[in-house]
Amino acid sequence: MIQKIDKINSVKGTLTLPGDKSISHRAVMFSAMADGKSTVQNYLNSEDVNSTINCFRKLGCTIEQTETTLAIVGKGFGGFQKPDSNLDAGNSGTTTRLISGILAAQKFDTTIVGDVSLSKRPMKRVVAPLTEMGAKFETSELGSLPMKVFASDKLKAIEYDMQIASAQIKSAVLLAGLHLDEATVVVEHSRTRNHTETLLKLKVDEFDGYRKIYSSKNNYPKPAKYIVPADISTSAFFMVLALNLKNSELLLKNVLLNETRDGIIKILQQMGGKIEIENPRESSGEKLGDLRISSSELHNIEIDKNLIPNIIDEIPILAVAGLFAKGKFVIRNAKELRFKESDRIDALCSNFQRLGVECTEYEDGFEIDGSVNNENILVESFHDHRIAMAFAILGMLVGKGIEINDFESVAVSNPNFLNQVEEIAVK
Ligand code: S3P
């Protein structure tokens, strides 16, 4: 579906955005593993999280679903049943990689399949450490889906020195570790999102330049009440919109402010963005607060390479902020962008080039300079929700707007994106 996006003059008002995607996936998984009934409030009702929900239904869990709440009756340790067909992870890398760690410890075989995009994404990164733990997998020749996870006889605990900065790899290993008496250890050199360790209250030892995270049977999830803060990655699109429009002020309520995810706020503030945190508080072990954002003049800054894992999902919209900011926008050390829902370096550069923006592509990033010269043209979403929303925001900032192909992909993380924009747009 081609979506026309028109310029907006300003935004005003308050938005309470849906729950964080990473936390929603984990809350579903941990509830499904626990023995008894858990609830998840303000979960993200989107295609990705529904993929996780449906996988656990197939594994025998009863999951009652309303627009904002889940009631999940988990199966307890060793309680999952063999699914009668393949587990479909849809577009979701988080579903696939995290569930691999759980399935690796079951007494039955399963096969995970996914959509065209997910079927191209690398799975060796989880297969390698889980194989070291004694799990058995069969993937496509390219190391991707469909992936068969064989029944495991006996897994063993390992210490895994993680070379790629990835919360999904870390979580896969730690989730497999939950099935073992002995502690499994992940050594993390770059800080990645820590929701798995926070929600499961895992032991973490901090060292100079790295940390060790431990999991064992003692940490196996118990029934709980999860309350999910609003998604900071979804909030980022609205931050950039409000900052770049004149006469705008927006209040985003209950936004996740976890220190492994809040790099986007810090960077936009360093760029001159007026973002104030109000009412900071904690819920389910996660920090959250309300963000008051007002029109600002932004300038580009050098982005600290240590922050890349923290902002990895926000780089598409950060690049849009960078385009409208003074100076050149440069992002390097971000090769992981090539392995997301699309090759995001390629996707961003090709769209910027269509828009007449000067763009230089590198293996691990890109730089952009200048401004949009071709308005009201068609750009591609590359079936990637974050590319679709980033260019939608760009379209709301330029005179003649923009058209975006395959816009329906926004449903992966935020099916109500355009309604939310409508709510705050001043006509
Ligand atoms: C996620 C981790 C990140 C992120 C993804 C969600 C998670 O991926 O890009 O959208 O929930 O653990 P990597 O950890 O592979 O970088």
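Predicted model: local features only at pLDDT ≥ 70, side-chain atom pairs only at ≥ 80, totals over all residues.

Reply: **The ligand site**

The ligand is surrounded by Ser22, Arg26, Thr94, Ala165, Ser166, Ala167, Gln168, Arg193, Ile312, Asp313 and Lys340. Residues are numbered from 1 along each chain as its sequence is written, and side-chain values use heavy atoms, with hydrogens and water left out.

Now the polar contacts (pairs of N or O atoms within 3.5 Å; within protein, one must be able to donate a hydrogen and the other to accept it, and residues adjacent in sequence count only if both atoms are side-chain atoms). A ligand oxygen lies 2.7 Å from a side-chain N or O atom of Arg26. For Asp313, a side-chain N or O atom is 2.6 Å from a ligand oxygen. Ala167 uses its backbone: one of its polar backbone atoms is 2.6 Å from an oxygen of the ligand. Taken alone, the ligand exposes 380 Å², and the protein buries 95% of that. Accessible areas come from the Shrake-Rupley method with a 1.4 Å probe; for residues, only the protein chains shown count as cover.

Next, two local backbone features. Helices (H or I, at least four residues) and strands (E, at least two) are DSSP runs, numbered from the N terminus. The peptide bond from Leu145 to Pro146 is cis, with omega near 0 degrees. Pro146 sits in the loop between β8 (137-138) and β9 (147-149). Ser284 has a positive phi, near 50 degrees, in a residue other than glycine. Its loop joins β16 (274-283) and β17 (286-294).

Terms used
Near = heavy atom within 4 Å.
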